[in-house]
Every structure is written in structure tokens, then in C-alpha cells.
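Okay, thanks for coming, everyone.

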Amino acid sequence: MLLNGKEAAAALKETMAKQVEYLKAKGVVPTLGIVRVGGKPADLSYEKSAAKACGDTGVAVKNYALPETASQDDLLKVIKEVNEDESVHGVLLFRPLPPHINDNVVRRALLPAKDVDGITDGSMAGLYSGSGEGYAPCTAESCIQILDHFKIDVAGKKAVILGRSTVIGKPAALLLLEKNATVTICHSKTRNLPQTVREADIVIVAIGRALSVGKEYFRAGQYVVDVGVNPKPDGGKGVCGDVKFDEAEPIVAGISPVPGGVGSVTACILASHVIRAAAKQPENTVMF
Ligand code: NAP
């Protein structure tokens, strides 16, 4: 089965468009503030996807673009502005920030209630405690959204995650644990990696190593979500995943492609968080 991210995204967009309609009828236009320092191609590309996902569902976008040379104070002023602007419900802050800006100072300045990409300590605490407060990092939640969309029940199953970053591996592990999977997190020091991965029912691969996970990692019956987005090793056009799709696909029960997998869902999850943030405002008080 192809775990097609575009299909999962289309279904999500349909639900979101109805939620936005409901909020607009109450006079609320869910709005995302996008804060970017500099113009890295990857940031510009995601900004475009975010604007598209928001546009498709009726979420408005306000852009705050600063030059690469902007100081930490310049950026903190923008963060204060979006924090205080009641018409902005959620904020996407592109990271990593330039080296002259202290990441911890800036991300902690953002109001947790507007932290729709799960970068503040408040969002991380909510994920850790399972309290439902805050927002999970969008890419990690996209992996779960794909499994949910294709009705892959993770409860009681063995899930193995390759990668332990704070944006994907760790939050994906907590989200799967919350859904009653038994979770193992692997990383660059893990021994017998192929054997550990073969024991899993659900495999999430987020290591950033192009086409490095081949057939020796897989067995029949597994569902594989490939998060990797990498330049092709042969220098060809486009991107590729971490998994050797052609080797894994004939073996496993389901796999997400790259492109057209997790990346297609991430911006929709971001838009869905903005809608939730707008709905949570005291005067609206809807739980989506
Ligand atoms: P990262 O911060 O570099 O983390 C990579 C993780 O993989 C680290 O925990 C590292 O282990 C582990 N790792 C590296 N090589 C390994 C190996 N050979 N075996 C096992 N584990 C290994 O990367 P990231 O930000 O999480 O991103 C991962 C991938 O996802 C990248 O390709 C990125 O482009 C992609 N991505 C996709 C989306 C999307 O929407 N689709 C969004 C963001 C990122 P150590 O901790 O031991 O170093």
C-alpha cells in the first residue's frame, strides 16, 4: 500500500475548510504569522507550501521577513509584535536562526499559545505530559496523521524510530506512545540497527541520510514512514528519502514515498494547528 501523503493532506484540508468556515461565520479568520530571518531556499520552499496549505483552507497568512543581518533585538521586536497582535493566532518561526542570534532566547520569547510548530518549552512539556496543551512539531505529527489516515492502528504494536531529533524523532516517539505503541528510538550509536528495525511493526525513518535504509531492514507486514528529504546522491534533480523505496516497497505492507509523503502533510498540520489556536480563544471556545 502506498501511504500517499497527498491523499492524507486532501482529506485533512476538507475537514479544515469546514472548521474555518465555522470560525469565519463567528467573525474569526484563523491567521498564521510567518517569521523568517534571511532567505534559505529550504525556508522559502516551506513558506510557499505553508502559504498554499493555508490558502487552500481559508487560513490567512501574515509575513514578517527580516534580513540575514537582523539583530537578536530586531527579531525579538517582531516576536513581541506577533505575540501582542490578537489577529495572529499561530506563529511559524524558521530555524535554525543565524549564528549571531540565541535560539533559546528567541524561541522562549514566543507565547506558547501561539507556538503552532511546537518549538517552545511549553509545547514540549505538553507533549511530554500528554496534557494536550501546546502543539507537537508539525513534521512529527504528520507521520502520525499518515498512519491515522490509512487506518493503521499502532496500539500494542512495536514502533521503531530512526532518529532522535527534537523536531521529529523524539516527538514522534511521544505521540506514538500516547497512542499505545511500544516505542524504540534508534540513533547513530544504535547497534544491530537492521535487526532492530526488522522487529518493528511500524517504522519511522528520520535520519537525513539519502537512500541509506535498504532491504536488510525490512520484513513483510511492516508500515514504513520515510521522513527524509535529501538531495539525490547522484546529483539528479529533485529530492529523495532516507529509505531505498524500490527495495522496501515490494517487501513491506505500506510505505510513504518521497516526495509525496510526509512533506505533503506537514504544512497542512501547521494550518490545522492555527485553526485550533484560533478556536481555543476564550471568545470562540471550540475544540477542533
Ligand atoms: P537531524 O537533526 O540531523 O537528526 C538526525 C538523527 O538521525 C539524529 O538523531 C542522528 O543520530 C540520527 N542518525 C543519523 N545517521 C544515522 C544512522 N546512520 N543510523 C541511525 N541514526 C542515524 O535531522 P532531522 O532534522 O530530524 O531531519 C531528519 C530528516 O528529515 C532529514 O532528511 C530532513 O531533511 C527531513 N525533514 C523532513 C521534513 C518533512 O516535512 N518531510 C521536515 C523536517 C525534516 P545522533 O543523534 O546519534 O546523531
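Let's start with R164: one of its polar side-chain atoms sits 2.7 Å from an oxygen atom of the ligand. I'm calling that a polar contact, meaning a pair of N or O atoms within 3.5 Å. V229 uses its backbone instead, with an N or O atom 3.0 Å from a ligand oxygen, and N230 brings a polar side-chain atom to 3.1 Å from an oxygen of the ligand. Taken alone, the ligand exposes 940 Å², and the protein buries 68% of that; areas are Shrake-Rupley with a 1.4 Å probe.

Before going on, the caveats: this is a predicted model, where local features need pLDDT of at least 70, side-chain atom pairs count only at 80 or more, and totals for chains, interfaces and linings use all residues. Numbering runs from 1 along each chain as its sequence is written, and side-chain values use heavy atoms, with hydrogens and water left out.

So who's around the ligand? There are 20 residues, and R164, S165, S188, V229 and T266 come nearest; "around" means a heavy atom within 4 Å. Helix α10, residues 262-280, gives the most to that shell, with 3 residues. Helices here are DSSP H or I runs of at least four residues, strands are E runs of at least two, and both are numbered from the N terminus.

Now V203, in strand β6, residues 202-205. It's buried because its relative accessible area is 1%, and the cut-off is under 20%, counting protein chains only. Its C-alpha is 9.3 Å from that of I255, 52 residues apart along the chain.

How values were computed
Polar contact = N/O pair within 3.5 Å; in protein donor to acceptor, adjacent residues only side chain to side chain. Buried < 20%, exposed > 50% of the residue type's maximum accessible area, 1.4 Å probe, protein only.
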